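The stops below say what to select and what to look for.

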Amino acid sequence: RQAGRVLLFLAVASTVPALAAAAAVAVIDEIQYHPSDPSLEFIEVLNPGPAPANLSGWALSGAVRFVFPGGTVLEAGGRAVVARDRTALAAAAGIDPADILGEFSGTLSDAGELLVLADAARSEVEAIAYSNLPPWDIRADGGGPSLERICPSAGGSLPGNWRASAASPGTPLRPGPATECPPPLPAALSPVVVNEIHYHPAAKDPAGEFIELHNRTDAPVDI
């Protein structure tokens, strides 16, 4: 036993979902799936890297359908927004309609569904199954706020990496609150995490298998 850690010796294998996304040229950064007015739905894509990103021929699919036109290049830190209704979103958000890249076909489900970003070769960059239920931030479900990504380098499929925007209908083409990497621990998830797995010990002796749990907080946790 070590401070803040507990070792569990088990003869059972376990798997843990990845907590971080591989470095990506672009990521989905904001989702407005249930605005007060359905015409205000939008998706924002961010280039989190230090160099320009050519998104020509990239595509959004699943919940909606959109193909990024040729010549779509995002500068470092740049954003692109696609909307259900370009004119309506521009008026509500106070931005120039010409700055919105285009309009997607389909609609974003108010109850949540799968949203996929793929590159020009149709290789999946990321897939996000957002939801209007906890542990996703339910404040984005119909009250006006959007879902904003907290940390671009952390997995987009993690509910704790998203929070409701402070503004309505969101912050299209603008940064949200300060980026936090790694994202803060959401209340719906335990502060105790799986920290280490020994699934194949030397000599193939099952008695050597173990799982380590780690308390990431500064206070004791009753498990």
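Predicted model: local features only at pLDDT ≥ 70, side-chain atom pairs only at ≥ 80, totals over all residues.

Residues are numbered from 1 along each chain as its sequence is written, and side-chain values use heavy atoms, without hydrogens and water.

**Whole protein.** Colour by secondary structure: the protein has one helix and 16 strands (DSSP runs, numbered from the N terminus; helices are H or I with at least four residues, strands E with at least two). Of the 223 residues, 39% are buried (under 20% relative accessible area, with a 1.4 Å probe and protein chains only; exposed means over 50%, and partly exposed lies in between).

**Helix H1.** Select residues 86-93, where Leu-89, Ala-90 and Ala-93 are buried. These three lie on the same side of H1, because they cover an arc of only 100 degrees around the axis (taken from the directions from the helix axis to the C-beta atoms). Show strands E3 (42-46) and E8 (79-83) next, as the buried residues of H1 pack against them (contact means heavy atoms within 4.5 Å). On the face turned away, find the exposed Thr-87 and Ala-91. Gly-94, with a positive phi near 70 degrees, follows H1.

**Asn-161.** Select Asn-161, in the loop between strand E13 (147-149) and strand E14 (162-164). Is Asn-161 buried or exposed? Asn-161 is buried, with a relative accessible area of 0%. Leaving aside neighbours within four places in sequence, its contacts include Glu-148, Cys-151 and Pro-183.
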